[in-house]
Amino acid sequence: MSRVEAKDIDWENLGFNYMDLPYRFTAHWKNGEWQDAGIVEDSTLHISEASPVLHYGQAVFEGMKAYRTPDDSVQLFRPDQNAKRMQSSCERLLMPVFPEEQFVDAVKQVVKANIDFVPPYGSGATLYLRPLMIGTGEMIGVHAADEYIFTIFAMPVGSYFKGGLSPVNFITSDYDRAAHRGTGQSKVGGNYAASLLPGDRARKQGFADCVYLDPIEHRKIEEVGAANFFGITKDGIFRTPKSPSILPSITKYSLLWLAENRLGLKAEEADVYIDRLDDYSEAGACGTAAVISPIGGLQHNGKLHIFYSETKVGPITGELFNTLTGIQFGTVEAPEGWVERIL
Ligand SMILES: *Cc1c(COP(=O)(O)O)cnc(C)c1O
């Protein structure tokens with residue numbers, strides 16, 4: 001793949017596609033410590049064929065964005081939360097952690113090195129950052145690797161919804177994404193390999209993705225593809241499921257806080273029963289990539305349940321989206337410690 005130049009990018013028409021930018025950060029774990037940490041130009045990783053990541057999936061990742069503000073500054077949204085979540089994912093897979101302060105500093109270095117690729121304010125586009133850690137070295141037995149590569153690369157991505165938010169439909173899956181005492185809480189590569197087939201089936205049936213139910217009884221909503229679920233009840237409660245197999249979304253916890261403290265709603269983590277969808281007047285999927293995808297309808301057991309509308313966005317969903325993206329792009333006042341200016 002050839003290197004792109006910032007001047008050739010059409011900021012208004014970016015999708016979510018890999019781009020080989022000039023710079024990334026890498027660090028190597030060897031002999032029990034992080035070494036050679038810094039910005040490099042090589043976008044290819046050179047690893048042994050015996051690397052545990054290739055056989056046993058010892059890989060964790062993160063997803064975050066850098067935003068350009070109207071005054072042409074660039075900022076990160078809660079990068080400390082990504083650092084902490086990556087650490088807990090690493091602990092679950094017996095990997096070394098990358099220290100929080102160095103993680104945030106490394107993210108800033110990658111953004112600064114590729115500053116021309118942070119899309120202009122108003123395009124809706126952002127610079128997506130992908131921190132990744134993999135187990136390498138020559139360890140063919142089923143053990144934790146003795147060497148690791150930590151890297152952060154970046155690529156400009158478009159806003160999911162051009163011309164404003166629009167609802168999409170989902171369908172429940174018979175498959176499970178993760179078990180309650182498994183790796184659902186960790187952002188580990190294997191979870192996503194397991195979700196490819198259910199997601200593909202949902203899309204072939206004409207849905208945006210599938211909704212996973214709890215792995216014990218299949219009665220409660222857990223995740224929406226690779227995003228968290230929230231619903232607004234008819235009596236105005238922001239409710240999002242609580243379960244040990246849900247990935248703790250930073251977007252979800254931010255919305256939970258904003259629903260209560262900026263919109264004045266009651267906000268809670270509680271069970272969302274699949275046979276009680278009539279309790280909800282709006283629903284959405286949330287995560288860094290799309291921020292919020294309003295859920296128009298949810299198909300379960302052959303019946304399509306419509307929340308607010310299949311074509312229009314509910315008022316609370318719209319207000320949550322505007323508040324959160326306003327904070328991220330620097331046009332709405334951020335709660336203490338939520339945004340970090342890079343320049
Ligand atoms: C990353 C991810 C999310 C969203 O998390 P954010 O921190 O909001 O980006 C939700 N569900 C799954 C399964 C994920 O991997």
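Biologist: Is lysine 220 buried, partly exposed or exposed, and what is its relative accessible area?

Modeller: Please note that this is a predicted model. Buried means under 20% relative accessible area and exposed means over 50%, with partly exposed in between. Lysine 220 is therefore partly exposed, with a relative accessible area of 22%.

Biologist: With which residue does lysine 220 meet in a salt bridge?

Modeller: Side chains of opposite charge can pair when their charged atoms come close. For lysine 220, the N to O distance in the salt bridge is 3.7 Å, and the partner is aspartate 271.

Biologist: Which residue forms a salt bridge with arginine 3?

Modeller: The closest N and O atoms of this pair are 3.0 Å apart, and the partner of arginine 3 is aspartate 20.

Biologist: Is aspartate 20 buried or exposed?

Modeller: Arginine 3 has a relative accessible area of 37% and is partly exposed. For aspartate 20 the relative accessible area is 6%, so this residue is buried.

Biologist: Which residue meets lysine 266 in a salt bridge?

Modeller: The N to O distance in this salt bridge is 3.2 Å, and the partner is glutamate 268. At 18% relative accessibility, the residue that counts as buried is glutamate 268.

Biologist: How many salt bridges does a search of the whole structure find?

Modeller: The protein chain has 32 positive and 44 negative side chains. The centres of these two sets lie 4 Å apart. The number of salt bridges found in the whole structure is 19.

Biologist: What radius of gyration does the protein chain have?

Modeller: The protein chain has six helices and 17 strands, and buried residues make up 54% of its 343 residues. A compact globule with 343 residues would have a radius of gyration near 20 Å. The protein chain agrees with this, because its radius of gyration is 20 Å.

Methods: Residues are numbered from 1 along each chain as its sequence is written. This is a predicted model: local features need pLDDT of at least 70, side-chain atom pairs count only at pLDDT 80 or more; totals for chains, interfaces and linings use all residues. Side-chain values use heavy atoms; hydrogens and water are left out. Helices (H or I, at least four residues) and strands (E, at least two) are DSSP runs, numbered from the N terminus. The radius of gyration is taken over C-alpha atoms; the globule rule is 2.2 Å times the number of residues to the power 0.38. Buried means under 20% relative accessible area, exposed over 50%, partly exposed in between (1.4 Å probe, protein chains only). Lys and Arg count as positive and Asp and Glu as negative; His and the chain ends are not counted. The place of a charge is taken as NZ of Lys, CZ of Arg, CG of Asp or CD of Glu. A salt bridge is a side-chain nitrogen of Lys or Arg within 4 Å of a carboxyl oxygen of Asp or Glu.
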